[in-house]
Every structure is written in structure tokens, then in C-alpha cells.
Amino acid sequence: MLDNIVIRKARVHNLKNIDLRIPRGKFTVITGPSGSGKSSLAFDTIYAEGQRRFVESLSAYARQFLEQLQKPDVDSIEGLSPSIAVEQKLQAGNHRSTVATITKIYDYLKVVYSRIGRLNCHKCGSPITTQGLSRIVESVASLPEGTRIQILSPVVMGRKGEHRKELLEARRRGFIRARIDGEMADITKDLKLGKHKRHNIDIVIDRLIIKPGIDRYLSKAIADAVDMNDVVIINDTDNGKDIFYSTKLACPKCGINYPEISPRFFSFNSPFGACPACKGLGHTGVDEEGHDAGRPAVCPECGGMRLRPEALSVTVSGLHIGEFLSVSINDATRLINGLKLNAAEEAIASKVLKEIKERLCFLEDAGLGYISLDRPAPTLSGGEIQRIRLAAQIGSSLSGVLYIFDEPSIGLHPRDCGRLIQSMMKLRDMGNTVIVVEHDEETIRKADHIIDMGPGAGVHGGYVVAEGSISDISFNRNSLTGLYLRGERAIGLPDSRKRGRESIKVIGAKEFNLKNIDVEFPLGLFTCVTGVSGSGKSTLVLDILYNSLAEKLYSSKALPGRHERIEGIDKIDKVINIDQSPLGRSPRSNPATYTGIFTIVRSLFSQATDSKVRGYKPSRFSFNVAGGRCEACGGDGLVKVTMHFLPDVYVPCESCKGARYNKETLEIRYKGKNISEVLGMTVTQALDFFEAIPQLRRKLMTLARVGLGYIELGQSATTLSGGEAQRVKLSKELSRRATGNTLYILDEPTTGLHFVDIEKLLDVLRELVEAGNTVIVIEHNLEVIKNADYIIDLGPEGGDKGGKVIALGTPEDVAGNPASHTGAFLREKLSAKEVKA
């Protein structure tokens with residue numbers, strides 16, 4: 001095996017035919033300005049080729065279910081290992097995906113509860129015992145006289161396959177009917193069930209009417225059913241209701257029957273374990289993707305625990321599985337370590353508990369101890385979801401793998417970055433190669449090998465400017481990153497700090513972990529809300545402040561977090577949350593459509609001479625409606641390819657070759673370019689192309705000013721990172737006419753930004769403040785924090801140990817506060833004379 005991953009002539013996107021050697025078995029950081037080609041190299045070249053080779057290595061049988069993946073535009077890559085990409089995109093799955101399911105902790109917990117859990121009746125609390133045949137017959141015979149029933153034996157419960165063997169056995173025993181997936185079927189016929197679908201097959205043993213003297217027939221039918229399965233289903237045909245009986249588990253007082261206690265009994269993603277009322281979602285008014293239908297409420301049946309009452313009646317050390325999952329990762333570690341098991345239980349569960357402990361430890365090392373195990377994936381930030389996946393990968397104990405991470409430090413306080421770096425080094429020490437796309441200075445300094453891309457963005461990037469050790473980069477005169485690392489160039493401090501005269505005040509904030517705090521936000525200033533991960537920053541700013549203002553000003557339906565009141569709302573006219581959510585749910589959404597650029601461009605094309613001759617209106621140049629678009633791909637330019645057990649991929653449409661439009665529309669040209677070619681331009685290229693159109697130039701200029709000169713006008717919203725989407729939204733706000741008295745809220749706007757791009761961002765935020773607006777930023781980046789007018793620092797820790805106001809004031813005030821973790825790191829960024837002791 002080669003000692004290096006050898007890349008020859010990579011040309012993906014803006015990469016300039018580069019040659020590169022990346023050491024195997026090392027921790028490599030790829031850095032450089034935004035848009036310089038980092039992701040093009042790491043994900044679109046190295047990872048894409050690794051995924052393509054994996055598909056090619058599969059058997060011919062497996063490959064028939066997969067499409068051929070396109071080879072990246074590169075001459076060759078040697079020394080490539082099996083590749084796993086851990087990205088920070090926010091499409092983290094639906095509400096059925098949680099921290100526990102992603103890390104496999106839930107799988108192990110289900111085994112623990114099914115093997116050593118103690119089952120009590122969910123109605124009376126009595127221990128559950130096995131139920132004899134005579135007790136079942138007696139219970140069924142007591143149904144109201146005249147009740148029509150079917151005695152069913154469930155031979156297949158939620159299993160994939162054609163199940164020919166089970167059906168053949170039932171026919172051999174003389175049975176002729178079965179309820180298959182809820183529908184009655186004649187099993188004497190040749191039935192073909194979907195091989196890859198889950199099925200339920202209940203054999204019809206007999207059909208009876210409850211009346212005096214039925215006991216002998218009922219006893220025989222139930223005995224026949226029990227002979228096939230321990231579970232008997234009595235189906236009341238008049239109302240379609242099923243009553244379950246088991247020869248193994250039943251309450252001696254209530255007579256309630258329980259199915260076999262297996263791992264799926266605790267799965268909220270299975271009908272055997274999910275709460276019937278909320279279908280395992282834990283809330284009413286929420287669909288599978290977590291979209292609200294009005295205001296969601298905790299399910300009254302399961303109390304948000306997602307599971308049916310029978311599953312929640314199984315306990316280990318007095319806790320049911322829902323209660324265990326509801327605690328933070330830090331508390332879960334303490335609970336697991338404090339379990340009191342007898343010798344038999346220890347022998348059964350010790351290995352499984354060891355796996356759970358290790359995964360909890362990895363999550364704590366990744367700075368996620370404050371998150372609860374039942375936290376739904378869509379509520380996690382991009383940084384959190386990536387660090388959870390990192391913990392899952394460490395827990396898998398793989399070696400010889402190439403791992404590629406995309407800014408794992410996002411959302412992490414400087415105090416916790418060291419533990420994250422140690423986690424990635426642990427992956428390296430297990431015999432893996434780790435490549436990280438990152439801007440964090442501490443991560444860059446700890447790398448074994450650094451690749452600095454640049455020198456600029458878009459067409460001005462795509463080169464390897466410098467590579468080697470930290471000293472090689474620091475003293476390379478061509479490296480922009482090196483300028484900052486050696487201190488020759490730095491993000492400076494403002495000439496002065498603004499002082500606020502008025503404020504908006506949150507009184508009695510007590511949502512989640514907030515400790516009934518009062519917080520004053522100065523108006524007309526640039527304010528940073530800081531604190532370690534999980535300290536309550538987002539809860540205070542987004543859940544309480546923003547949702548309350550949106551409800552008051554716009555009649556928003558979003559429910560504000562718990563608080564007493566907010567004073568000073570009348571002092572602002574508008575509130576705008578510039579978040580990192582995608583620009584749209586469809587691949588058709590892009591920067592041009594979101595910012596209004598595309599409306600102007602379509603109008604320009606409709607005014608071309610050929611358009612007027614043909615009678616084309618602006619709608620002809622829309623890929624969202626029929627007429628001018630390519631109908632083969634519906635104007636997407638891409639076709640989704642389902643990869644079954646691999647993530648879905650998008651390939652260019654064979655009809656339009658990715659152009660999105662039909663032939664006739666593409667014949668119309670403006671200044672020599674068709675509409676597809678214009679959408680393929682970067683913001684920087686479009687600035688030159690539309691120089692004579694003031695309305696377009698102003699919108700394009702604001703995109704360039706927020707560091708997005710490298711993105712394409714028609715770049716699909718689904719390919720933009722959270723930070724890029726946020727800056728597109730910021731540019732849209734900047735292009736509006738200033739009115740003042742607007743409150744802007746941004747959550748970690750430095751996501752994906754190099755040192756030089758942070759300078760641009762700070763200039764933009766300052767401009768908003770100078771126009772009479774208020775800017776509140778949730779941020780961990782010290783370069784931004786040190787430039788704030790005012791800081792609100794929460795803590796002291798995350799989760800239950802957070803939620804308090806630790807420090808208030810200017811950066812100098814906070815740096816002088818010994819109780820503040822943020823202050824300790826901020827102190828290093830400020831000169832000694834500036835710190836107020």
C-alpha cells in the first residue's frame with residue numbers, strides 16, 4: 001500500500017489541474033479562503049472517487065440495483081482507502097432520527113431492556129407472569145354473547161421476505177385463509193409477496209360466534225393457534241379490533257396480555273413499539289419531517305416518550321427506556337456507571353453496557369454532553385450533527401478507512417475544541433486517514449499536514465498555494481493563511497465601542513435550562529451572545545426573544561419559550577432572523593431566485609429581439625413552469641438516482657445535459673449568452689457581465705461583499721452549506737433600502753469563513769449598525785466576539801449546569817471576569833492594557 005494518496009491533474013469545479021500528495025494514516029487539514037476549492041478537492045474529488053470505486057467493487061448482483069457513478073474530473077488517484085464523508089449539511093433526517101439512533105446507543109439500550117428489564121403491568125403495576133391456555137379460553141368466552149370473532153395465529157410479524165415456507169406449512173395443516181398485511185387472502189392460491197417489504201401474516205384458525213356451549217370449539221381453536229405461535233389474536237370482526245393474548249406474559253390481576261419482550265418492542269419506528277396515538281413521533285401536530293401543523297403538543301398518551309404503554313412498563317434500575325433517553329449525555333453516563341446489577345444481569349448485559357459507555361464517552365469528548373439522547377436530528381445544528389456522527393464512527397472501531405470532515409468545530413466553544421481534536425486524532429491512531437476541511441486556528445495548528453488552497457475564490461482559486469507542516473504554511477510568503485498564522489496580518493479591534501441608550505429586556509426567561517434570568521439587549525449596538533455549547537444561547541435569543549417579537553410584530557404561530565414578559569418591543573419596527581436553514585426545499589431554489597436577481601435576468605432575456613419575434617415572455621425563461629424548461633427533468637437539470645443502501649445521488653439530465661431548458665429557449669441569447677450559461681456564472685463573473693444594469697449590479701455587489709463571489713447564480717440551494725445559505729439571506733437584507741430600527745439576529749455567521757472573509761463579514765455587520773439597526777449574533781469565534789460592542793455570556797457549563805448570565809459588558813469587561821470561560825480565551829486576543837481586571 002502507498003504511503004500517500006496521490007492525486008494527478010484534478011480539475012473538478014475550479015481546481016486548476018492540481019497534483020497533490022496527502023499522507024495516509026495522518027491528520028490532514030485543508031484550509032484556504034471561502035470558495036478556494038477546499039470542498040471540491042475533499043468531497044467532490046477524493047470522496048466522490050472513493051464512493052465510485054466502492055460501487056464498482058460490488059458484485060454484479062448488487063450493482064444491478066445501483067446506477068454507474070460519474071468519475072470525477074481527475075486523471076488518477078492512487079492509494080485511496082474506503083471513504084466515509086461526515087458533512088455539516090443541515091438535512092439531518094426526520095424526527096424519527098435521534099442522537100441515540102444515530103450513534104446506535106438506542107440499539108444497545110433496546111437489547112439491555114429486552115434482556116434484563118423488569119416488566120410490570122402498565123395499569124396496576126403488578127409483575128407480569130405467563131398466562132395458561134385455560135385462562136385465555138376463559139377470557140375470550142367472557143366476551144359479549146353474539147360477538148363474531150376470528151382466532152388468528154401471527155406466524156410472521158413485521159419481517160421481510162416472501163414467506164413461502166410459513167404459508168406452505170399453514171396449508172399443510174389444513175388452513176385455507178390468512179390475513180396478510182391487513183387484507184384477507186386465500187392461501188390455497190399461489191401468493192407472491194414482495195421480497196423486500198415487511199409483512200404481517202396471521203393464519204385464520206377458526207371463525208366463531210360467542211354463545212353458550214362454545215368453550216369446546218374455542219379451546220381447540222386456541223390450542224391450534226398456540227401450537228403455531230405463543231401469541232393468539234382474537235379479531236372482533238364487528239368492529240375490526242384485535243385482542244392479543246400470550247401464553248408467556250400476562251398480568252394476573254388485570255388480565256392484560258403482553259407480547260414477547262424483544263428489542264423491537266422498544267422501537268418507536270416499529271408498529272410493535274410505537275405509541276399508537278402519535279405513531280412514535282412523541283408530538284401531535286408534527287409530521288415525519290418535523291413540519292408543524294399549527295402548534296405541536298406533547299402526545300397525551302405517551303407523554304412525549306414515543307412508545308406504547310406496555311414498552312414503558314419495562315424498567316431497569318427503576319427507569320423505563322423513555323426516561324433514560326430523556327436525560328443529557330452527561331447524566332446518562334452517570335446512570336450507566338451507577339447501575340446496580342446482580343451476578344446474572346451482569347453476565348447478560350456487561351458487554352452491551354460497555355458499548356453504551358464507550359459511545360457516551362465519545363459524545364462527551366466531542367463537547368456534546370449537554371444534549372439529550374432523545375433529541376431529534378432536525379433540531380441539531382450542522383456542527384452538532386457532524387460531531388455526533390464523528391462519535392458514531394469512533395464507536396464503530398473501523399481501521400484502514402479515509403474519513404473526511406467538513407468544519408467539525410462549528411458551534412463549538414474554544415474551550416471544547418481541544419477535546420474534539422483529540423477525538424479526530426483517536427480516529428487517526430486507530431489506523432485511519434483523517435482529512436478535515438477547517439478554518440479553526442487551533443485545529444490547523446494541531447494537524448500533521450496542512451494543504452492551503454487559494455489564492456482567492458472561484459476562478460481566482462483552485463491552486464495549492466502551500467502545503468506541509470504548520471511552520472511550512474506560516475512562513476510561506478504566498479499563503480494568505482500563513483499571514484494570519486504568523487501574526488503579520490490580523491483582524492483588528494474597532495476604533496471605539498458604541499454605547500447603547502435604549503434596550504429591549506427579557507424578564508424571567510426559564511425555557512429549557514435557563515434559570516429564570518433577566519437579560520437586557522442594548523439597541524443600536526453590535527451584541528454577541530456567547531457561552532459554552534448548550535449554555536442556553538439559542539434558547540434565549542431564538543426561542544424566546546425572536547419568537548416573541550415575531551409573534552407580536554407578525555402574528556407568527558411559532559410558540560415562544562417560557563418567560564414572564566419582554567419590555568421595549570415598541571422600540572423596534574422589524575425583527576429578522578438570518579438563519580442557516582436551506583434557501584428552499586427544492587433543488588430549483590438558488591441564490592438568483594432567492595435574491596430576486598433571476599426576475600430581472602428573465603426580464604432582460606424576454607426583451608431580446610429573438611424573444612420578441614417569438615413572443616416569449618419572462619415566464620418562458622423560468623425553469624419552474626412548463627413551456628421553456630426541459631420536461632425530462634422538470635427544469636432541475638439533474639435526475640435523482642436512488643442508490644438503495646447508499647445515499648441518493650443526482651446525475652445530469654441526459655436530455656438537456658444539465659442546462660434545465662429546452663432547445664428553443666436556449667437559442668435566445670443576451671450579450672452572446674443563453675439563460676443556462678448566465679445561471680452558470682459566478683457572482684464575480686456576473687458583476688462584470690451585468691455591469692451596465694444598476695439594479696442587478698447592486699444585488700450582485702452585496703453577494704460579493706458577504707464573501708460569496710465564488711458561488712454560481714443558479715447553484716442549487718441543496719448544495720449550499722448552512723453558512724453560505726445564511727450569507728445569501730444576509731445579502732438580500734443588505735440590498736433592501738435601510739429603514740433603521742430593525743433587529744437582525746444571526747446564529748454563527750462565521751460558519752465556513754476564512755480569516756479574510758471574517759473581516760468582510762464584520763464590515764457588513766458594522767454597516768447595519770451604523771444605519772441605526774441592532775445586530776445580535778450568537779457566536780463562538782473570538783475574532784467576532786472581540787469586535788462586539790456588548791457581550792452577553794451565558795454558562796457556566798452546558799445543559800442543566802448552564803442557563804445563567806455569567807458576564808455582561810464590553811469584550812474588555814468580559815475578559816476581566818474570572819468566572820467566564822469566554823473571558824479566559826478572549827483575554828488572549830486583547831492586549832493586557834485593554835482588559836479590565
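Which residues do ring pairs link into a cluster? They are Phe605, Tyr616, Phe621, Tyr670, Phe689 and Phe690. The structure is a predicted model.

**Aromatic pairs**

Across the whole structure, a search finds 13 aromatic pairs. Two of them are set out below.

| Pair | Distance of ring centres | Angle of planes |
|---|---|---|
| Tyrosine 484 and phenylalanine 755 | 5.0 Å | 20 degrees |
| Tyrosine 670 and phenylalanine 689 | 6.0 Å | 70 degrees |

Tyrosine 484 and phenylalanine 755 are stacked, because their planes stand at 20 degrees and an angle under 30 degrees counts as stacked. This pair joins distant parts of the chain, 271 residues apart: tyrosine 484 belongs to helix H15 (residues 480-485) and phenylalanine 755 to helix H25 (residues 755-770). Tyrosine 484 has 9% relative accessibility and so counts as buried; phenylalanine 755, at 9%, also counts as buried.

The planes of tyrosine 670 and phenylalanine 689 are at 70 degrees, so this pair is edge-to-face. Tyrosine 670 sits in the loop between helix H20 (663-666) and helix H21 (675-679), while phenylalanine 689 is in helix H22 (residues 683-689), 19 residues apart. Both residues are buried.

**Charges over rings**

Arginine 660 lies over the face of phenylalanine 623, 4.4 Å from the ring centre. Lysine 732 is placed over the face of tyrosine 594, at 4.4 Å from the ring centre.

**Helix H12**

Helix H12 (residues 414-429) has 16 residues and spans 23 Å from its first C-alpha to its last, close to the expected 22 Å. Its buried residues include Pro414, Asp416, Leu420, Met424 and Arg428. Glycine 431, with a positive phi near 100 degrees, follows H12.

Terms used:
Residues numbered from 1 in each chain as written. Predicted model: local features only at pLDDT ≥ 70, side-chain atom pairs only at ≥ 80, totals over all residues. Heavy atoms only, no water. Helix = DSSP H or I, 4+ residues; strand = E, 2+ residues; numbered from the N terminus. Expected span 1.5 Å × (residues − 1). Buried < 20%, exposed > 50% of the residue type's maximum accessible area, 1.4 Å probe, protein only. Phe/Tyr/Trp six-rings, centres within 6.5 Å; stacked < 30°, edge-to-face > 60°. Lys NZ or Arg CZ within 6 Å of the ring centre and 35° of its normal.
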